Amino acid sequence: MKERLRRADEAERRPPNFAARRAALGLMLGAAFLSVVGASFYRQVLEHEFLKNEGEKRFLREREIAARRGMVTDRNGEPLAISTSMSTVWADPQRLAGHMEAVPSLAAALEVPPESLQARLDTYIRDDKRFMFLRRRVEPQSADAVAAVIDQYGLSGIDMDTEYRRFYPGGEMFGQVVGFTNVDDAGQEGIELVYNDWLNATPGKRRVIQDGRGRVLEEVEQIRPPTHGRDLALSLDRRLQFLAYRELKRAVAEHRAVSGSAVLMDAHSGEVLAMVNQPSFNPNAGRTEPVEARRNRALTDVFEPGSTIKPLVLAAALESGRIHPNTPVDTSPGFLTVGRNRVRDIRNFGRLTATGVITKSSNVGVVKIAQQMEPALLWKTLQQVGFGRPTAVQFPGERSGYLPHYDGWSQFEHATVAFGYGLNVTTLQLAQAYAVLANDGLLRPASLLRVDAVPAGQRVFSAQTAHQVRRMMETVVSNTGTARRAAVAGYRVAGKTGTSKKATGQGYVQGKYQSVFAGLAPVDRPRFVMVVMIDEPRGKDYYGGIVAAPTFATVMQAALRLYNVPPDDPAGKLLLASAHGRAEQ
């Protein structure tokens, strides 16, 4: 009885719900234990791979290994486009958000306006982006300054990678031929664009360990080695390119011309040794120049060849057997009526030989010779030397020129084609056509790449015809010809002047001309062919023999001597028109 009373008394003294509380506490402890066990199981078993990957993202990362774009060189291995290693600075904007006090110092190191950098960061942070380039391809001193700022402020989320920047040692002299790349090192113009796949590099990959700031601590392994781009050797000779550019620029400035272009070719191989234009641009500078300054006018601009076509017309007539170099041609009274139109010479040359027609550049004489040939024969000859179709250089923007089919020729169109009107060509096309005459009648494709094995070529004229035409053209560069200023001391030079009225969409413009000289040397065994075209000279002179021929002479002389071509006229003897120009009376 006493025991029951004691227990009842203890029960009355206990706090209410003690048993319930003890039971609840036990349940809570059990639930917590199960939660810990469950979470541990979930993370260590079910989420193992996920958490492992997240950890590796922070400490084990894959990074690119920069690869170098292929080098472009001239024919002698001199660099025209090279890639130099630079540092590119990038950041995680979200991790940089807590260090805005460092932005002014960072901007100074990067050499960018601080307000511009701040605005870009604000935009990336607002858009929740995790990557941005702070500046690509910075100079070494800028990269060192950025590293100092990172250490000074203890910045995280900023790092530097190696990239390559394209540099063009030849500057504006080669700009329109070599072209340029964009910020991602992809070709945008010229050779850089045409051979982008050849020059292009493929970056490698490596696995690295990095710290919390994103800095590389250790390289774990190389996943894929970098593949550097392949080098490319052009046909250009840097020495001749520099000289041709200087002389063309001088001529354009002297005659206050709108533009100009010049092409120097190896007559035997078809290689282009120099291709220059005015105006030009510097590919090393930012893209602020006018778009037309990037145009390779030697390939993209067309013009009517004028009298430079006459040697090709006479070559067709010689090849067909209709004339020989001394065939008499009466050009009196200095004009010729064709249909309802009239063909004129600058004066009455009277009775000439076929050679004299070239010497004096007689429109009447060449039309009379052309009229002896069917239109189909003349058209075929011009088509075979490369007119009316692109050359083989495969340059972006190259024009094919215009050679109307003979089916649509009227009598007057037949006549105008004979003295170089009614069709148009590029500077390179005209040089390639003259190379046929220089190469004993063989057409070899023009090339902007160095040629190791000379192609066989396609026969257009016989060697005899080509030799005869060269001798006829030699009289042009004589005391009585139209291009005495094209003469080169110690060498026999053959060529032809051309001065044509400039055509526009509204027809021919009075007082605007295109001045051309095309020639080759030495005469008997030609090594080089060159064409100079000056567009719209605005000085007192506009004839091709005065405006374009001197540039030819200076560059041709340098080419002959640089390549050790033996002189073939050491006494400086010039052919006289009395020997070849006028017919026997």
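**Side-chain contacts in the predicted model**

Arg471 is partly exposed, with 32% relative accessible area. In this predicted model, the side chain of Arg471 forms a salt bridge with Glu474, at an N to O distance of 3.5 Å. Both residues belong to helix α19 (residues 463-474), where a spacing of three residues places them about one turn apart.

Across the whole structure, 28 salt bridges were found. One of them joins Asp266 to Arg527 (3.4 Å, N to O). This pair connects distant parts of the chain, since Asp266 is in strand β9 (residues 259-266) and Arg527 in the loop between β18 and β19, 261 residues apart. Asp266 is buried at 7% relative accessibility, whereas Arg527 is partly exposed at 26%. A further salt bridge pairs Glu374 with Arg322 (3.1 Å, N to O). Glu374 occupies the loop between α15 and α16 and Arg322 the loop between α13 and β11, so the contact ties together parts 52 residues apart in sequence.

The search for aromatic pairs in the whole structure returned 11. The ring centres of Tyr513 and Tyr542 lie 4.0 Å apart with their planes at 10°; the pair is therefore stacked. Tyr513 is located in strand β18 and Tyr542 in the loop between β19 and α20, so parts 29 residues apart in sequence are tied together. Tyr513 is buried (14%), while Tyr542 is partly exposed (24%). Elsewhere, ring pairs join Trp90, Phe131 and Phe133 into a cluster.

Charged groups also face aromatic rings: Arg230 lies over the face of Trp198, 3.8 Å from the ring centre, and the charged end of Arg342 sits over the ring of Phe335, 4.1 Å from its centre.

Conventions
Residues numbered from 1 in each chain as written. Predicted model: local features only at pLDDT ≥ 70, side-chain atom pairs only at ≥ 80, totals over all residues. Heavy atoms only, no water. Phe/Tyr/Trp six-rings, centres within 6.5 Å; stacked < 30°, edge-to-face > 60°. Helix = DSSP H or I, 4+ residues; strand = E, 2+ residues; numbered from the N terminus. Buried < 20%, exposed > 50% of the residue type's maximum accessible area, 1.4 Å probe, protein only. Lys NZ or Arg CZ within 6 Å of the ring centre and 35° of its normal. Salt bridge = Lys/Arg side-chain N within 4 Å of Asp/Glu carboxyl O.
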